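User: I'd like to learn how to read a few features of a model. Could you take me through them one at a time?

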Amino acid sequence: MDARTIRPDPRLASPAEVPPTWDPERDDVLVVRQVRQETADVKTFVLAPATPARFRYLPGQFITLDLDIDGVRLNRCYTLSSSPTRPDTVAITVKRVPGGPVSNFLHDHLREGSVLRAVGPMGDFTCAQHEAPKYLFLSGGSGITPVMSMARAHADLATGADIAFLHSARTPADIIFRAELELMARTTPTFRFAAICEADAPFEPWHGLRGRLSLAHLEAAVPDFRAREVFVCGPAPYMAAVREMLRAAGFDMARHHEESFDFATLATAEPEVAAEVIAAEGETSAARVHRVEFRKSGRVIECPEDMNVLEAARRAGMRLPSSCTKGLCGTCKCKLAEGTVEMKHGGGIRQREIDAGMVLICCARPTSDLVIER
């Protein structure tokens, strides 16, 4: 290694000095400490607080990046691939998406020393709240990140949990974290890893499980899968297929957990949302209706007091930035210029932002007429 690339960290010289805990209410600036090329189109970005601090989170949780790209502010959630057992940094692992403004920006522009704003970690997709003697982690593509965080945490803590990890990829060259997972399988008696590939990679024929995940694959690789707590993450069609496969196999779905938000899915879901809106137009409601003005666009809509503003806007045909629709990610954050709302969020907004008049319209119901800066 070139000695000029070594960055001495004062914490290495003073291990007794424990940094404070990262406080998402107060802290939001992260510095890129390292960029790792995982596969041809996947990179891991290792992030550290600008001021030394330690993260406290649960394996499987996510952070929301707050980015300015070409003068447009965009928010995106990324599950952490890192383990909370290594609390001085967090890591996100991002797959380049053709035409994706954020993933391409991260791949093309983030370098060591780049600075980001972020909120979190947050989220409830975590094995930490579902303690079990046996787990099955199923992932497809870049959906591997949250279950990798869980696997790393169990390995670091030597919990002894029996973990079977099945990952689906296009080719062997697309298996993210392959070397680390194979090392974990060699060194941890209670950890098993298998990959399922759809095709060979150039110069690398695949001799393992082949095709797309099926019940036959599952029966062969993890015969006792019905006795396990299952965590699933991947593209929406993958998760839907797993869901149906487990149901058909008689699996107890109370022990099935899946990551519940997917940006691509939500983006393409708009037509269905519109269809639901049309169907809902015929519904009657006795709730009081408030006037909501979007000042920048000049649109004015009506919103019943028992409906969140985002849903009312969608029913009026407006397409507004949103993602989780659960008050988690902060994508729909807006400035409330006038009026009052009742808001029960899931951690996607800080108290100081609320104090400054910001709201998440996906979980804000009007209690008066509103004027929103959007």
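Analyst: Helices here are DSSP runs of H or I with at least four residues, strands are E runs of at least two, and both are numbered from the N terminus. Some ground rules: this is a predicted model, where local features need pLDDT of at least 70, side-chain atom pairs count only at pLDDT 80 or more, and totals for chains, interfaces and linings use all residues. Residues are numbered from 1 along each chain as its sequence is written, and side-chain values use heavy atoms, with hydrogens and water left out.

User: Which other residues have a positive phi without being glycine?

Analyst: Aspartate 70 is one, with phi of about 55°, and it sits in the loop between E3 and strand E4 (72–79). Phenylalanine 177 is another, with phi near 60°, in the loop between strand E8 (162–169) and helix H4 (178–187).

User: Are those two buried or exposed?

Analyst: Buried means under 20% relative accessible area, exposed over 50%, and partly exposed in between, using a 1.4 Å probe and protein chains only. Aspartate 70 has 79% relative accessibility, so it counts as exposed. Phenylalanine 177 has 6%, so it counts as buried.

User: Back to H3: what span should its 14 residues have?

Analyst: The expected span of a helix is 1.5 Å times one less than its number of residues. For H3 (residues 144–157) that gives 20 Å, and its end C-alpha atoms are 20 Å apart, which agrees.

User: And why is H3 called largely enclosed by the rest of the structure?

Analyst: Because 11 of its 14 residues are buried. Among them are Ile144, Pro146, Met150, Arg152 and His154.

User: How many cavities of 30 Å³ or more does a search of the whole structure find?

Analyst: First, the method: on a 1 Å grid over the protein atoms alone, a cavity is a set of points where a 1.4 Å probe fits but cannot get out, and lining residues have an atom within 4 Å of a point. Points are joined across faces, edges and corners, and the volume is the space filled by probe spheres set on them. The search finds 1 such cavity, and the largest cavity holds about 30 Å³ of space.

User: What lines the largest cavity?

Analyst: Trp22, Leu30, Phe55, Ile63, Val90, Ala118, Val119, Gly120 and Pro121 do. Strand E6 (residues 115–122) gives the largest share, 4 residues. By type, the lining has 8 nonpolar residues, 1 polar and no charged; Ala, Val, Leu, Ile, Met, Phe, Trp, Tyr, Cys and Pro count as nonpolar, Asp, Glu, Lys and Arg as charged, and the others, Gly among them, as polar. Look at the backbone too: the peptide bond from glycine 120 to proline 121 is cis, with omega near 0°.

User: What is glutamine 61 in contact with, leaving aside its neighbours within four places in sequence?

Analyst: Contact means heavy atoms within 4.5 Å. Glutamine 61 touches Thr79, Leu80, Pro121, Met122, Gly123 and Phe125. It lies in the loop between strand E2 (42–49) and strand E3 (62–69), and at 10% relative accessibility it counts as buried. Its side chain also reaches the backbone nitrogen of leucine 58 at 2.8 Å.

Note on methods: On a 1 Å grid over the protein atoms alone, a cavity is a set of points where a 1.4 Å probe fits but cannot get out, and a pocket is an open set with protein on both sides within 12 Å along at least five of seven lines; lining residues have an atom within 4 Å of a point. A polar contact is a pair of N or O atoms within 3.5 Å; within protein, one must be able to donate a hydrogen and the other to accept it, and residues adjacent in sequence count only if both atoms are side-chain atoms.
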